[in-house]
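Here are my notes on this one, jotted down while going through the model. Have it open next to you as you read.

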Amino acid sequence: MSDRYEIEAVSKALAVIESLEGIAFEPVTIATIIGRTGMSRDSVYRTLHTLRLRGYVIFRNGKWSIGPRIIRFAKQIARHSEAGMIKT
């Protein structure tokens, strides 16, 4: 799905975030993320580390899950959507 304007690092970060969706956003291991994205272990680890620094993911008990920043975005989107400010 790449084209000449695609930024590979952004695509990888989004793939990692999307891999956390799973069932009810249950925490997952890095092996699960690797399996879902098809990315190398090193690339997944570096991406997760960067996302963690920004609050997009959290790491607890050896597993990764969505972080507070994504939860805030989701709440804001829901609030704006309910108010009719976002058209879907």
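Which residues in the largest nonpolar core touch the most other members? Keep in mind that this is a predicted model.

1. The core. The largest nonpolar core has 15 residues, and Leu20, Ile33, Leu48 and Trp64 are the ones that touch the most other members. Two or more residues come from each of helix H1 (8-19), helix H2 (30-37), helix H3 (41-53) and strand S2 (63-66). H3 gives the most, with 3 residues. As a general point, nonpolar side chains tend to be buried together in soluble globular proteins.

2. Tryptophan 64. Leaving aside residues up to four places away in sequence, tryptophan 64 touches Leu20, Glu26, Pro27, Val28, Thr29, Ile30, Ile33, Leu48, Arg52, Val57, Ile58 and Phe59. Its relative accessibility is 5%, so tryptophan 64 counts as buried.

3. Aromatic pairs. Searching the whole structure turns up 2 of them. In one, the ring centres of tyrosine 56 and phenylalanine 73 are 6.1 Å apart with the planes at 40 degrees, so the pair is tilted. This pair ties together distant parts of the chain, 17 residues apart: tyrosine 56 is in the loop between H3 and strand S1 (57-60), while phenylalanine 73 is in helix H4 (residues 68-82). Tyrosine 56 counts as buried because its relative accessibility is 18%, whereas phenylalanine 73, at 39%, counts as partly exposed.

4. The other pair. Phenylalanine 59 and tryptophan 64 have ring centres 4.6 Å apart and planes at 45 degrees, so this pair is tilted. Phenylalanine 59 has 44% relative accessibility and therefore counts as partly exposed, while tryptophan 64 is buried at 5%.

5. Helix H3, its length. H3 has 13 residues and spans 18 Å from its first C-alpha to its last, close to the 18 Å expected at 1.5 Å a residue.

6. Which residues of H3 are buried? They are Ser43, Val44, Thr47, Leu48 and Leu51. Looking down the axis of H3, these buried residues fall within an arc of 125 degrees, so they line one face of the helix. The general rule behind such patterns is that an α-helix has 3.6 residues a turn, so residues three or four places apart point the same way. The buried residues of H3 pack against H1, H2, S1 and S2. Arg41 and Leu53, on the other side of H3, are exposed.

Conventions. Residues are numbered from 1 along each chain as its sequence is written. This is a predicted model: local features need pLDDT of at least 70, side-chain atom pairs count only at pLDDT 80 or more; totals for chains, interfaces and linings use all residues. Side-chain values use heavy atoms; hydrogens and water are left out. A nonpolar core is a set of buried Ala, Val, Leu, Ile, Met, Phe, Trp, Tyr and Cys residues joined through side-chain atoms within 4.5 Å. Buried means under 20% relative accessible area, exposed over 50%, partly exposed in between (1.4 Å probe, protein chains only). Helices (H or I, at least four residues) and strands (E, at least two) are DSSP runs, numbered from the N terminus. Contact means heavy atoms within 4.5 Å. Rings of Phe, Tyr and Trp (its six-membered ring) pair if their centres lie within 6.5 Å; planes under 30 degrees apart count as stacked, over 60 as edge-to-face and the rest as tilted. The expected span of a helix is 1.5 Å times one less than its number of residues. The arc is that of the directions from the helix axis to the C-beta atoms.
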